[in-house]
Amino acid sequence: MGVPLFDLTRQYNSLREEILKEIDSVLSDGHVILGPKVEEFENELAKYLGTNYAVGVANGSDALYLAVQALGIEKGDKVITTTYSFFATASCITRNGAIPVFVDIDPETYNLDLNAVEKILKTEKISAIIPVHLFGQSVDFNNLLLLKEKFNVKIIEDCAQSIGSESKIAEKVLKTGNLAEISTISFFPTKNLGAYGDAGAVITNDEVLYKKVKILRQHGASTKYYHETVGINSRLDAVHAAILKIKLKYLDFWIERRIEIAKTYQRFFEKFGINIQYPKVEEKGYRYHVFHQYVVQFDDEKTRDKVESHLKEKGIGTAIYYPKSLHLQKCFEEYGYKEGDFPIAEKASKTTLALPIFPELRDDEIEYVCREIKNALEL
Ligand SMILES: *Cc1c(COP(=O)(O)O)cnc(C)c1O
């Protein structure tokens, strides 16, 4: 038996008719970039998140780039972010000429270490913070908002992995994407809400920021051929919007299944006596984790690599998120970071492994993965 890390075809089989009908409607209508289908999806997305506005763009990386630009962050400004994320979380800073200030992560959640953030805020002038709700687990926004107020910094939420997850702010449960002045989402095919190609969105409650992003995604022109500012070409295609609108209806159902899968992994780890670090599923009364990825951690690199190659031999797909922290990337050399600067993230790169998770994953497949992890650990 093989178990893929991710499989888009199982989901398509269950949605085929509905999706083909929508694609046909877009192609027959002939309006293929932005237009009414994109607006419909933007409205549905904003409604789902509880926000005033959503702007469809070409991908999640552009969404971040445009959000940073819309906030007026420019050359020389410093922006704090986590060193343990996908590349786009940091490149949106440097693409705008600003300087990334990396921080280490919490060893349990893999999210931004807020104590480290506070230390930097006390000593350096920082323009903004980009927290990432990594693997689908929401960042502790209560404490982040306290820091925001105290140090007067802007926040851009990177929700590429977290659509549907929630945070509790002053007794109010809010969706991630609705916690900061501006937020971004990716609809990359493997994300919890995925298109069949690249797509993304910028989310905000602020009318001024909304208008800015709408202009920036179209070359900085609100009237065609009259450019108020220099933007980029980053528009959402109607086909993707139409498909995403269908899929959005199922998102909560899929998320519930992801949480169920996380519980099932936990059950088998306990049953088989597998002693590793895994994300514990807790009842908090709100959905703090949507399990975009299911990441476990081993004692050391040797063990992780042993399990990884054993699972590969057994036809089980795994991945390492992320094998190299952002502060150690060659392209960021100029910022002067070095090995050892962020030991928790560096250790996570060497000892974590992402296991198969997607809503259509079956319980017998999860059992097989766990059994093979146990076999690998006993080798
Ligand atoms: C996927 C991802 C992005 C980028 O999204 P794309 O749509 O692939 O450009 C940004 N940040 C994080 C954390 C991501 O996981």
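Which residues of α9 are buried? In this predicted model, the buried residues of the helix are L251, W254, I255, R258, I259, I261, A262, T264, Y265, Q266, F268 and F269. The helix itself runs over residues 251–271 and has 21 residues. From its first C-alpha to its last it reaches 30 Å, close to the 30 Å expected at 1.5 Å a residue. An α-helix has 3.6 residues a turn, so residues three or four places apart point the same way. With that rule in mind, the reader may follow the buried positions along the helix, among them L251, W254, R258 and I261.

The next step is to ask what lies over these residues. The cover of the buried residues of α9 includes the helices α1 (8–29), α2 (36–49), α8 (238–248) and α12 (363–377), together with the strands β12 (294–297) and β13 (352–355). After α9 comes G273, a residue whose phi is positive, near 60°.

Positive phi values also occur in residues other than glycine. One of them is A170, with phi near 45°, in the loop between β6 (166–169) and β7 (172–175). A170 counts as exposed because its relative accessibility is 68%, and the cut-off for that class is over 50%. Another is H219, with phi near 55°, which is found in the loop between α7 (207–216) and β10 (221–223). The relative accessible area of H219 is 37%, so this residue is classed as partly exposed. A further backbone feature concerns the peptide bond from Y321 to Y322, which is cis, with omega near 5°. Y322 has its place in the loop between α10 (301–313) and α11 (343–351).

Attention may now turn to the ligand. It is surrounded by 15 residues, and the closest are G60, S61, Q161, S186 and K191. Some of the contacts can be described atom by atom. A polar backbone atom of G60 is 2.7 Å from an oxygen atom of the ligand. The side chain of D158 places an N or O atom 2.9 Å from a nitrogen atom of the ligand, while a polar side-chain atom of K191 is 3.1 Å from an oxygen atom of the ligand. On its own, the ligand has 380 Å² of accessible area, and the protein covers 93% of this.

T184 is classed as buried because its relative accessible area is 1%, and the cut-off for buried is under 20%. By contrast, K78 is 19 Å from T184, C-alpha to C-alpha, and the two are 106 residues apart in sequence.

The aromatic rings complete the tour. A search of the whole structure finds 20 aromatic pairs. One of these pairs is formed by Y110 and F135, whose ring centres are 5.8 Å apart and whose planes are at 70°, an edge-to-face arrangement. Y110 is in the loop between β3 (99–103) and α5 (114–123), and F135 is in the loop between β4 (128–130) and α6 (141–151), so the pair ties together parts that are 25 residues apart in sequence. Both Y110 and F135 are buried. Elsewhere, ring pairs link F87, F102, F332, Y335, Y337 and F342 into a cluster.

How values were computed:
Residues numbered from 1 in each chain as written. Predicted model: local features only at pLDDT ≥ 70, side-chain atom pairs only at ≥ 80, totals over all residues. Heavy atoms only, no water. Helix = DSSP H or I, 4+ residues; strand = E, 2+ residues; numbered from the N terminus. Expected span 1.5 Å × (residues − 1). Buried < 20%, exposed > 50% of the residue type's maximum accessible area, 1.4 Å probe, protein only. Contact = heavy atoms within 4.5 Å. Near = heavy atom within 4 Å. Polar contact = N/O pair within 3.5 Å; in protein donor to acceptor, adjacent residues only side chain to side chain. Areas by Shrake-Rupley, 256 points an atom, 1.4 Å probe, with all protein chains shown as cover. Phe/Tyr/Trp six-rings, centres within 6.5 Å; stacked < 30°, edge-to-face > 60°.
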